[in-house]
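Work through the exercises below with the model on screen. Try each task before you read its solution.

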Amino acid sequence: MVDVDQIRRCVRCGACRAVCPSFEVMGWESFNTRGRMILIGKIMDGLNGSWALESLGTCTTCALCSQMCPAGVTPSKVVEDARRVLASRDITGAWQRELRERISSTGNSLGETGRRHGWLSMLGAEASYDIKALDVKADQVYFAGCMASYRYSETAARTFGILRRFGVSILPSERCCGSPLLRTGLDASECMEENLRQINEMDVDVVITGCAGCYTTLKNDYGLKVMSVAEFLAARVSELEIRPLDFTVTYHDPCHLGRVNGIFDQPRRVIKEICELEEMRSSRELARCCGGGGGVRAGYRDVSLEIARRRLADAPPEAKYIVTACPMCVRNLNEAGGHGRVVDLVDLVAMACRR
Amino acid sequence: MDALRDIVGPRVSNSPAELCCYSCDASQVHGLPEYVVRPLTTAEVSRILRLAYEREIPLTARGAGTGLAGGAVPLRGGIVLDMSGMNKILEIDVENLQAHVEPGVVVEQLNRALRPHGFFFPPNPGSSSVCTIGGLISNNGSGMRCVKYGTTKSYVLDLEVVLADGSVIRTGSKVLKSSAGYDLTRLMVGAEGTLGVITAARLRIAPLPKRRRLIMASFESSELAGMAVVKTFSAGIVPSACEILDSTTVKVLRRCDPNIVLPDGDIILFEVDGTDLSTAEDARRVSEVCAELAQSIRIASDEREMSEIWAARELVGAAISRLDPSKSRVYVGEDVGVPMKEIPTLMRKVQEISDSTGIPAMKYGHIGDGNLHVAWFIDVSSEEEWARLRRAADMIHRAAIELGGTVSSEHGIGGARAEYMEMQWGSALEIMRAIKRALDPKGILNPGKLDL
């Protein structure tokens with residue numbers, strides 16, 4: 001499953017070592033990309049690999065290494081594939097098994113038992129989007145994702161409040177997209193089949209999501225036509241009745257939206273309609289990771305939060321908010337010391353909306 | 001393990017994953033350590049060395065592990081000392097034209113800190129964004145600008161070194177020149193950690209030039225390109241960089257960054273630096289001198305274009321598989337150097353070696369100081385190609401020595417080129433061995449390197 005050619009092409013120059021966010025925190029060679037490539041080479045040579053679990057587990061799959069690699073290798077992809085090899089050999093961490101159990105029993109990565117679309121009630125009586133009354137068929141659906149549904153329900157409600165004006169619907173029984181499973185090498189077919197069944201039944205053409213993890217999964221693992229909320233807002237910005245706000249913000253590129261899928265300009269276009277934008281110390285293709293992805297948050301929380309603290313230091317001091325377009329980035333950065341300064345693009349739009 | 005833990009706490013490891021990751025650098029040299037230790041202070045390094053000395057444990061210091069000759073690979077096992085955690089810039093002393101740094105500082109990190117002061121640290125290897133000052137000093141590394149500015153040894157004023165028995169010495173001082181006794185600083189530069197472990201370095205810095213211009217000249221053959229270099233220097237022009245990119249390298253560069261505009265053929269990139277006026281004059285003179293030999297000449301002065309070209313050039317060595325995904329670049333025989341006048345002969349010899357062994361190569365490098373990087377590329381899964389590659393590497397090393405040159409200009413000897421030391425140095429190697437015995441009587445420091 002691992003593309004062994006990629007490992008052969010690695011000349012161990014170390015260009016990835018200089019940018020690996022987990023290595024910055026951990027300091028040991030096995031926790032940087034080059035070290036991981038060396039270990040994966042050994043695993044593919046037949047070594048058992050249980051001793052590589054922590055090394056591979058701490059990769060956020062931020063793909064900055066893939067961006068920097070002179071040989072054109074994509075180590076973030078190799079790491080994901082290697083995790084799959086380990087899982088197929090039944091080599092997994094306790095946290096991976098717990099994650100799989102949570103998703104399997106509750107349908108979400110957080111293990112929440114409440115209603116996934118409970119946030120619909122926030123849209124008020126006059127909107128009254130009772131889930132049962134929603135469309136049987138729809139061209140476009142909003143895929144909220146686990147994190148927005150259960151941790152940022154206001155953001156989810158705001159997003160759908162806007163999207164609904166343009167005829168966007170939701171799936172009747174959305175499940176976790178499977179991203180946390182896929183990124184950590186586990187099987188996500190159960191989640192995928194359940195979501196795909198609904199998407200097909202509703203004749204959905206485009207899935208819209210505000211989560212970078214869901215975005216890359218729905219697009220690259222499901223193979224669907226996907227649009228990020230940032231793209232949607234950028235296309236409709238003139239119809240949003242926005243009132244400019246008199247402050248400066250910065251924008252944190254979520255790795256899986258920006259570097260991995262090339263969505264850089266759209267969120268910036270929306271922000272510039274609203275207020276001043278001052279870039280972070282590293283941005284766009286070279287933006288550093290928030291530490292929340294690739295299962296690191298679930299498996300190695302201290303590492304994850306320390307990466308986030310370093311990312312916060314990249315923000316220009318004059319920025320009132322650090323705007324981003326992924327709820328996992330919002331959570332990790334706020335918990336690492338952002339204290340509410342980190343907001344979703346939709347939250348900024350809501351501040352500026354006349355309606 | 002317990003004794004090491006007493007010194008550095010949790011910053012010691014003997015986990016299989018760590019030992020495996022510290023068993024190699026970017027060369028083909030491998031050796032598994034028994035312990036990896038990440039010290040943070042000179043006192044810790046001193047205690048670790050005393051321990052290693054008492055118990056006669058081999059000890060190999062390592063920076064970022066970007067070496068191309070196995071200098072940081074623990075051939076005899078023992079302890080690997082990962083110095084990359086000692087990464088503080090201790091002082092930038094512009095008034096004295098120097099910076100005081102710990103050995104784990106990354107070259108680019110230092111340059112970023114110096115830029116606001118209007119200064120820079122000239123040695124700039126292709127691995128500047130990764131490699132550490134300690135490793136750079138220990139290999140007397142250099143880079144593109146050294147043709148004008150000199151190699152690392154010209155920039156080291158003073159080193160703090162922990163010797164084999166754990167004692168700590170200083171090899172120099174803050175003064176910019178000194179004629180007091182043996183030059184121990186230069187003895188340590190390029191010693192590849194076989195005489196002591198560097199724990200701090202005082203470095204000379206240089207003012208950033210106001211203006212740079214790039215002259216791109218293309219030629220029908222690399223031999224003609226080499227002749228143009230010799231002609232330029234003998235006309236009295238000292239460019240701040242003089243790089244050759246053969247036609248294969250140019251193709252790889254275009255794959256790396258499709259926006260880069262480079263002419264076809266074998267190219268020489270001359271850079272001149274100075275003021276607006278002086279660079280305009282120098283660029284014109286370079287063009288005039290090369291005019292007879294070149295197919296085309298273009299002068300660039302746009303900062304962005306120049307930095308894009310240099311950025312791509314820095315990483316081109318690792319990028320060969322962009323041209324042919326079935327091939328990988330292997331770092332052997334990649335760093336020979338010859339006297340400047342012999343450059344055209346070297347270019348011809350490399351082509352002959354490539355033809356006779358059937359191993360393709362891209363040729364690039366700091367041709368202005370006689371240093372050619374030959375990037376051989378093979379299908380690494382083919383044993384037969386490996387055998388031919390090793391033959392090609394051997395031939396190029398011998399050719400360089402025969403031309404009065406060196407088997408390594410800036411990457412070091414390590415374990416990869418140790419067998420050529422005797423051929424290159426003759427009886428002088430015995431003197432090196434005597435120095436080694438005097439400073440490291442038990443032979444614990446980076447054993448197995450430099451043929452000592």
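Domain bounds here come from an automatic or database domain assignment. The model itself is predicted.

**Exercise 1. Domains of chain B**

Task: State which domains chain B is assigned, and how far apart the C-alpha centres of domain 1 and domain 3 lie.

Solution. 
Step 1. Read off the bounds. The assignment for chain B gives domain 1 (86–207), domain 2 (211–318) and domain 3 (321–413).
Step 2. Take the C-alpha centres of domain 1 and domain 3 of chain B. They lie 29 Å apart.
Step 3. Look at the contact between these two domains. Domain 1 of chain B brings nine residues to the contact, and domain 3 of chain B brings seven.

**Exercise 2. A pocket**

Task: Describe the second largest pocket by its volume and its lining.

Solution. 
Step 1. Start with volume. The second largest pocket has about 970 Å³.
Step 2. Find its centre. The lining has 35 residues, and the closest to the centre are B:Asn140, B:Val189, B:Gly190, B:Trp425 and B:Met432.
Step 3. Sort the lining by class. It has 14 nonpolar, 16 polar and five charged residues.
Step 4. Trace the helices. Helix H7 (184–188), helix H14 (421–425) and helix H15 of chain B each supply at least two lining residues.
Step 5. Return to the domains. Domain 1 and domain 3 of chain B each give at least three residues to this lining.

**Exercise 3. A cavity**

Solution. 
Step 1. Take the second largest cavity.
Step 2. List the residues closest to its centre. Among 17 lining residues, these are A:Cys10, A:Cys13, A:Cys16, A:Cys69 and A:Pro70.
Step 3. Find the main contributor. Helix H3 (residues 33–44) of chain A gives the most to the lining, with three residues.
Step 4. Sort by class. The lining divides into 13 nonpolar, two polar and two charged residues.

**Exercise 4. One asparagine**

Task: Decide whether B:Asn124 is buried or exposed, and find its partners.

Solution. 
Step 1. Locate the residue. B:Asn124 sits in the loop between strand S7 (119–120) and helix H5 (133–138) of chain B.
Step 2. Apply the cut-off. Buried means under 20% relative accessible area. B:Asn124 has 9% relative accessibility, so it counts as buried.
Step 3. List the contacts. Leaving out residues up to four places away in sequence, B:Asn124 touches B:Ser142, B:Gly143, B:Met144, B:Arg145 and B:Glu314.
Step 4. A polar atom of the B:Asn124 side chain lies 3.2 Å from the backbone nitrogen of B:Arg145.

**Exercise 5. A helix and its neighbours**

Task: Name the buried residues of helix H9 of chain B and what they pack against.

Solution. 
Step 1. Helix H9 covers residues 247–256 of chain B. Its buried residues include B:Thr248, B:Thr249, B:Val250, B:Val252 and B:Leu253.
Step 2. The buried residues of H9 pack against helix H11 (303–315) of chain B. They also pack against strands S13 (241–245), S14 (266–274), S17 (361–365) and S18 (373–378) of chain B.

**Exercise 6. Positive phi**

Task: Place B:Leu97 in chain B and give its phi.

Solution. 
Step 1. B:Leu97 is in the loop between strand S5 (89–93) and strand S6 (98–101) of chain B.
Step 2. Its phi is near 55°, a positive value in a residue other than glycine.
Step 3. B:Leu97 has 31% relative accessibility, so it counts as partly exposed.

Notes. Residues numbered from 1 in each chain as written. Chains lettered and ligands numbered in written order. Predicted model: local features only at pLDDT ≥ 70, side-chain atom pairs only at ≥ 80, totals over all residues. Heavy atoms only, no water. Helix = DSSP H or I, 4+ residues; strand = E, 2+ residues; numbered from the N terminus. Buried < 20%, exposed > 50% of the residue type's maximum accessible area, 1.4 Å probe, protein only. Polar contact = N/O pair within 3.5 Å; in protein donor to acceptor, adjacent residues only side chain to side chain. Contact = heavy atoms within 4.5 Å. 1 Å grid on protein atoms, 1.4 Å probe; cavity = no way out; pocket = protein on both sides within 12 Å on 5 of 7 lines; lining within 4 Å. Nonpolar A, V, L, I, M, F, W, Y, C, P; charged D, E, K, R; others polar. Points joined across faces, edges and corners; volume = space filled by probe spheres on them.
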